[in-house]
Amino acid sequence: MSNVIIEVNQLTKKFKSTLAVRQADFKIYKGEIFGLIGQNGAGKSTLLKMIGGLVYPSTGKIHLFNSEMNANHPYYERMGLLIENAGLYPQYSAYDNLKFVAMSYGLKDHLKHINELLELVGLSRTNKTKVKNYSMGMKQRLGIAIALMGSPDVLILDEPINGLDPQGISDIRNLILDLNSKGITIIISSHILEELSKVATKYAIIHKGEIIEIHSKEELLLKCEDRIEVEVSDVKMATPILEEHLNIGNYKVMNDHTVCIYDSHIENYRIVNALVENGISVHSIMKHKQSLEQYFLERTESVVTAHG
Ligand SMILES: Nc1ncnc2c1ncn2[C@@H]1O[C@H](COP(=O)(O)OP(=O)(O)OP(=O)(O)O)[C@@H](O)[C@H]1O
């Protein structure tokens with residue numbers, strides 16, 4: 001049996017003249033914590049809304065549990081969503097909020113699970129405290145409890161740590177790991193890679209509507225180690241040599257004298273030899289370990305690649 005829970009093929013969403021998501025293609029496997037990372041406006045929410053059935057794709061397909069999705073598909077019941085705000089009733093307690101959701105979704109059977117859910121998200125001691133007096137973190141945890149109401153197999157969380165204080169972030173992170181250990185596949189978006197890195201097992205970088213890279217955690221960490229910074233006399237003369245003599249396409253010009261090469265297989269001496277033999281002075285060459293955040297920012301700025 002396939003472990004693929006969600007598969008999107010050539011998924012595109014256009015809002016009038018805005019291409020919010022362009023030809024997204026990926027699979028999410030059972031048990032993963034799939035991190036979607038992108039700057040503001042990159043298309044994260046739109047992509048998650050399409051997967052969650054809240055926005056209809058312009059073109060492309062979504063398969064959930066090996067079935068092609070269409071509007072009103074019953075498989076949507078196997079997904080819990082926290083996208084934008086959870087639509088809480090501020091004048092009521094967490095318990096009452098969950099009760100209202102259970103009633104309005106016709107999930108009467110789930111009423112008996114409310115206390116378990118409150119326990120799970122760490123809100124069991126809030127008793128009659130009104131939601132309007134909750135911290136942002138508590139509201140987010142209640143939003144997650146609501147998303148968990150129908151005992152979903154997949155949980156979609158859009159920027160769940162946005163605006164939270166360090167304690168709130170840590171609580172949500174622990175909750176995500178706990179839920180995942182109970183078998184729930186999680187899709188989570190953020191614009192902070194460093195934060196996502198504390199939970200995600202897979203990373204998709206979305207930039208201007210396009211999924212530009214997908215990596216496992218191990219691949220991403222490896223990528224961050226593989227940056228060679230070369231300081232030369234003239235960077236404009238150096239880059240054609242890197243391309244033509246060493247077939248290096250994945251680099252970024254940092255300034256007039258510095259170029260960063262993102263290629264793990266090339267030895268330093270080959271770079272130095274090629275440059276020097278072609279009349280370029282090499283002032284320094286150094287392998288750098290990059291922070292995840294730097295890596296993400298550089299990927300989503302103007303990284304020069306072989307194909308432009
Ligand atoms: N309903 C809509 N109508 C028109 N344009 C939209 C709509 N929803 C999103 N967009 C546009 O699509 C693009 C992607 O937006 P989206 O909200 O998916 O990005 P995001 O990565 O979630 O950003 P943010 O973190 O700021 O929410 C943006 O240019 C946005 O203005």
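1. Two residues are in contact if their C-beta atoms, placed from the backbone, lie within 7 Å. Angles run from 0 to 180 degrees between N-to-C directions, and axes are lines fitted to C-alpha atoms, for helices over the stretch in contact. Helices (H or I, at least four residues) and strands (E, at least two) are DSSP runs numbered from the N terminus.

2. The model is predicted: local features need pLDDT of at least 70 and side-chain atom pairs count only at pLDDT 80 or more, while totals for chains, interfaces and linings use all residues. Residues are numbered from 1 along each chain as its sequence is written.

3. Strand β11 (residues 227-232) pairs with β14 in the antiparallel sense over 6 bridges, and Ile228 stands opposite Lys287 in β14.

4. Helix α8 (residues 235-246) has 12 residues and should span 16 Å at 1.5 Å a residue, which agrees with the 15 Å between its end C-alpha atoms; the expected span is 1.5 Å times one less than the number of residues. Just after α8, Asn247 takes a positive phi of about 60°.

5. Another open sheet has 6 strands in the order β6-β7-β8-β3-β9-β10, with mixed pairing. β6 (79-82) and β10 (210-216) are at its edges, each with a single partner strand, so one side of each is left without a neighbour in the sheet. Strands β7 (residues 154-158) and β8 (residues 185-190) run parallel and are joined by 5 bridges. Asp158 stands opposite Ser189 in β8. Helix α4 (residues 136-147) packs on the sheet and touches β6 and β7.

6. α4 also packs with helix α5 (residues 166-181), at an angle of about 20° and with the axes 9 Å apart. The two helices, α4 and α5, are therefore roughly parallel to each other (angles under 35 degrees count as roughly parallel, over 145 as roughly antiparallel, 65 to 115 as roughly perpendicular and the rest as oblique). Residues including Met136 and Ile144 in α4 meet residues including Ile172 and Leu175 in α5.

Notes:
Pairing = 2+ DSSP bridges.
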